[in-house]
Amino acid sequence: YKFIYCSIDPPQLFNIHDDPDELNNLARSADHAEIVSNFMKEVQQRWDMSSITAQVLRSQRQRRFTDGAL
């Protein structure tokens, strides 16, 4: 499985063996609810999403400033 998480978008779950083009998002399927739940627990344990979001936004502001200065 491939799991994609972003705090502002719905989660995405793909079976990359059966769906290599990632066309069928399984995240909303009741049959895959436990898998999504396990991935979400792992996300919460491994990463501080609010800190990552703050770092990304800061980086974007810095790159926009630099681009404007150039």
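I will cover confidence, then the strands, the core, the salt bridges and one loop.

Before that, some ground rules. This is a predicted model, in which local features need pLDDT of at least 70 and side-chain atom pairs count only at pLDDT 80 or more, while totals for chains, interfaces and linings use all residues. Residues are numbered from 1 along each chain as its sequence is written, and side-chain values use heavy atoms, with hydrogens and water left out.

Confidence first. pLDDT is the predictor's confidence in each residue, from 0 to 100. The protein has a mean pLDDT of 95, and 100% of its residues reach 70 or more. Helix 1, residues 33–46, has the highest confidence, at 97, and helix 2, residues 49–69, has the lowest, at a mean of 93. Helices (H or I, at least four residues) and strands (E, at least two) are DSSP runs, numbered from the N terminus.

Now the strands. Strand 1 and strand 2 pair in the antiparallel sense over 4 bridges; two strands pair if DSSP finds at least two bridges between them. They form a hairpin with 2 residues between them. Cys6 has Asp9 of strand 2 as its bridge partner, and Phe3 stands opposite Leu13, also in strand 2.

Phe3 and Leu13 take us to the core. Which residues make up the largest nonpolar core? It has 7 residues: Phe3, Leu13, Leu26, Ala27, Val36, Met40 and Val43. Helix 1 supplies the largest share of this core, 3 residues. By nonpolar core I mean a set of buried Ala, Val, Leu, Ile, Met, Phe, Trp, Tyr and Cys residues joined through side-chain atoms within 4.5 Å. Buried means under 20% relative accessible area, exposed over 50%, and partly exposed in between, with a 1.4 Å probe and protein chains only. In soluble globular proteins, nonpolar side chains tend to be buried together.

Leaving aside neighbours within four places in sequence, Leu13 is in contact with several residues, including Phe3, Leu26, Ala27 and Val36. Contact means heavy atoms within 4.5 Å.

Next, charges. How many salt bridges does a search of the whole structure find? The search finds 2. A salt bridge is a side-chain nitrogen of Lys or Arg within 4 Å of a carboxyl oxygen of Asp or Glu.

One of them joins Glu22 and Lys2, with the closest N and O atoms 3.0 Å apart. Glu22 lies in the loop between strand 2 and helix 1 and Lys2 in strand 1 (residues 2–6), so the pair ties together parts that are 20 residues apart in sequence. Glu22 is partly exposed at 26% relative accessible area, and Lys2 is partly exposed at 33%. Glu22 also has a positive phi of about 55°, although it is not a glycine.

The other joins Arg46 and Glu42, at 2.9 Å from N to O. Both residues lie in helix 1, 4 residues apart, about one turn of the helix. Arg46 is exposed, at 56%, whereas Glu42 is partly exposed, at 32%.

Last, back to that loop. Asn15 is found in the loop between strand 2 (9–14) and helix 1. A polar atom of the Asn15 side chain lies 3.1 Å from the backbone nitrogen of His17. Leaving aside neighbours within four places in sequence, Asn15 is in contact with Tyr1, Pro20 and Leu26.

That is the end of my part.

Definitions and conventions: Polar contact = N/O pair within 3.5 Å; in protein donor to acceptor, adjacent residues only side chain to side chain.
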